[in-house]
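Hello,

Here is the structure I promised to send over.

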There are 2 protein chains.
Amino acid sequence: MSRARTTARPGTRQRARRGEGEKLREEILDAAERLVVEARNPDAVAIRAIAEAVGVTPPSIYLHFPDKEALIFEACERRFEEFDATIEAAGDSVDDPIESLRRRGRAYVQFGLEHPEAYRVLFMTGYPGRDPSHAFAGAGARSFGHLVEAVRRAMDAGLLRRVDPVVAATGFWTAVHGITSLLISMPDNFPWPDRDALLDHICDVQIRGLSETSTTDTGGST
Amino acid sequence: MSRARTTARPGTRQRARRGEGEKLREEILDAAERLVVEARNPDAVAIRAIAEAVGVTPPSIYLHFPDKEALIFEACERRFEEFDATIEAAGDSVDDPIESLRRRGRAYVQFGLEHPEAYRVLFMTGYPGRDPSHAFAGAGARSFGHLVEAVRRAMDAGLLRRVDPVVAATGFWTAVHGITSLLISMPDNFPWPDRDALLDHICDVQIRGLSETSTTDTGGST
DNA sequence: AGCGATAACCTAACCCTGTTCAGGGAGGTC
DNA sequence: GACCTCCCTGAACAGGGTTAGGTTATCGCT
C-alpha cells in the first residue's frame, strides 16, 4: 500500500533475476503510462523521470525500447485492447442493431475522454515519417473489423442503406473521432453546446444519414 | 530571387530602424511558418533555426514572443483568415443551400490537407493548461458563425430539419474535422478506402442525417 | 554638432532533454 | 574458485528552450 512510486533512487530497485529481464520492460511501460496520465501531456514526461520512477538509470530504458516515441506509443497502445473490449461490450448490450451502433459511438467517445492521453498518442499525434502501422494492423484492425460487422448487421436487418460497409464504418469512425479529438484538444473554455445533446445529435445524424429513403435525393456534385 | 533564405549569420540582418521593431516580428513569423511547413512537424523546428533563418540571435525572438509555443501557434494562426475565406468562397459558389454545405465540407477538408502543419497546430495539439482561446474567439468564432448561417439558410429553405443550428453546425464541423485530422495523422500506409468516395459519403451522411423525415424514428436513448 | 536616452539586438550561459559508449557487478555454471 | 553472461550504471555528448545582463545603433533635443 505504501510503495514509494513517484521517485526511487537508481539502485533502489532490486535487480531482475536471470532470464527475467523482460520484467523491467513491463515496469517501464507501467511507469510511463502513469506519468503520461499525470502530466496529461506525453511530451512533458522525460525519459529520466520514467527511469527514476522505476528506480533505474536512463540507459536501461534503451535496452528495451529503441527511442522515447516507441516507448510512449507502446505504453498507450496497451489501452487499445481495453478500448475494443469496452466498445464491444457496449455494442453487445442491446439487440437492436441501430441502438447498438449508437451505443458503440457513445462508448467510443466516452473511452477517449476517459483516456485522453492514450487517445491522443494513438489517434492524434502521428507525424509523416513515423510508422506505427503495426498497432493499427493488430488491435486496431480487429476493432475496426468489429465495427464493420456491426454496420453490416444493421444493413442485413434492413435498417441501413446498402452502401459499402467499410466506407460506412469508416465514416462512422471519423465522425466519433471528430468530436472525441476536438473535445480533447480544444481549450477548456471553448464554447461547446451541451455535451450530451451534441453527442446524441452526432449519433443521430450518423444513423439517419445511413438509413433508408431520405426525402432529399442527394444528387451528384458538380 | 536568389536571396539566401535558409541560413544567415547573426549580424547579417540590417537592424530595424527606430519604431520599426515590429518588422522583426513579422520576419520571425514568416520564417517560422516556412520552417514548420518544411519540417512537416512543429516540434522539429528549433528556435535557434528560426533565429538563424531570420539572421538574428535566439534571444531576439523572446522580445516578441513569450515562448516557442506561442510563436508557432501564431505562425499557424495566420492561416485562419485564409481558411475562412476559402470555405466561404466555396460555399458561395453555388445557390442551393445543400450543395453549398457540401462544398463547404469538401473545401474544409481540402484546406486542412493542403496545410496539415497549420491545421494540426490549430485543431489537434491543444493541451490542458494551454489557452489559445483568443484564436477561436476571433477568426475561429467568425468562421464558425459563417457555418451556422449556412446551416440556418438551409433550414429556412425547408431543406433541413429544424434543430438547433448551433448544434447542427457543431456536428457538421466535428464530422469534417474527424476525417481531416485522421487523414493527417494516420500512417501513410493506413488502409483507407477511396478518398473521394469516402469524402462524398461523409458529406452525404451529414446532409441526409440533417434532412427532413427520415424513415427510422430515432427514439430517445435512455 | 554633439549628447543623452532608449529601442533593438547580442554574448554567454544555465539547465534540461534524448541518446550513446564503455565499463562494472551480480547470478549462475563448470 | 574461475569464468561467462546477462542486467544494469557512470559519464558524457549534442542539442534544446530560455534568461540575465551587456552592447550598439538610432533619434530627438539642445
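How do the residues of the surface near DNA strand C divide into nonpolar, polar and charged? They split into 11 nonpolar, five polar and 11 charged, where Ala, Val, Leu, Ile, Met, Phe, Trp, Tyr, Cys and Pro count as nonpolar, Asp, Glu, Lys and Arg as charged, and the others, Gly among them, as polar.

Please keep in mind that this is a predicted model, in which local features need pLDDT of at least 70 and side-chain atom pairs pLDDT 80 or more, while totals for chains, interfaces and linings use all residues. Residues are numbered from 1 along each chain as its sequence is written, chains are lettered from A and ligands numbered from 1 in the order in which they are written, and side-chain values use heavy atoms, without hydrogens and water.

A backbone N or O atom of Ile47(A) is 3.0 Å from a phosphate oxygen of DNA strand C.

Sugar and phosphate make up 57% of the atoms of DNA strand D within 4 Å of the protein. An N or O atom in the side chain of Arg15(A) is 2.3 Å from a base oxygen, and one in Arg48(B) is 2.5 Å from a base nitrogen.

Best wishes

Notes
A polar contact is a pair of N or O atoms within 3.5 Å; within protein, one must be able to donate a hydrogen and the other to accept it, and residues adjacent in sequence count only if both atoms are side-chain atoms. A residue is near a molecule or strand if one of its heavy atoms lies within 4 Å of it.
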